[in-house]
Amino acid sequence: MNTQKQNLLIRLSSDFVDISFKESDIFKWSYKEKTIYFNPLEKYTVFSISLLHELAHATLNHDEYHLDIELLKIEREAWQKTKELCEKYNITFNENFAENNLDTYRNWLHLRSLCPDCKVNGMQLSNLNYRCLACFREWTNNDSRFKRLHKRIKK
């Protein structure tokens, strides 16, 4: 890990003593562990903004979400806070990077809400359950954002 990344981690560790920072292959905030996981192999621009984004989740006390739309809301909040943290730590905030990341969540939400039968957008009834507004088909999605989407039609 280069000196620039190390210096940022040292500063963040000293400013946020109640949060741990651990190397990983992805960037992630764990509310339960009070730990930010980070990928040290990313180039500095991606590393610094991604690290501050996860710190934004931490400082906003983001935990679980129950509806998919809540995830988009907390991601938007975290990107707003990331912008503030970038100013504080003298890091250039990249609006396109933030919007591209938000787009992945928007696309994910859209795909989850498409009816497996008629391809019309449905509505989320509860955690993983949806109903089509056109044909009234109900289905369940798998719960991961990081795996391929699987829908199970309810009878």
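D68 lies in helix α3, which covers residues 68-88, helices being DSSP runs of H or I of at least four residues and strands runs of E of at least two, numbered from the N terminus. This is a predicted model, in which local features need pLDDT of at least 70 and side-chain atom pairs count only at pLDDT 80 or more, while totals for chains, interfaces and linings use all residues. Residues are numbered from 1 along each chain as its sequence is written, and side-chain values use heavy atoms, with hydrogens and water left out.

At 3% relative accessibility, D68 counts as buried (under 20% relative accessible area, with exposed over 50% and partly exposed in between, for a 1.4 Å probe and protein chains only). Leaving aside residues up to four places away in sequence, D68 touches W108, L109, R112, Q124, N127 and Y130, where contact means heavy atoms within 4.5 Å.

The buried residues of α3 also include L71, L72, E75 and W79. Seen down the axis of α3, the buried residues fall within an arc of 160°, so they line one face of the helix; the arc is that of the directions from the helix axis to the C-beta atoms. On the other side of α3, I69, K73, Q80 and E87 are exposed. The cover over the buried residues of α3 includes α2, α4 (95-113), β4 (122-126) and β5 (129-132).

Elsewhere, an open sheet of three strands has the order β1-β3-β2, with mixed pairing, two strands pairing if DSSP finds at least two bridges between them. Because β1 (20-23) and β2 (28-30) stand at the edges with a single partner strand each, one side of each is left without a neighbour in the sheet.
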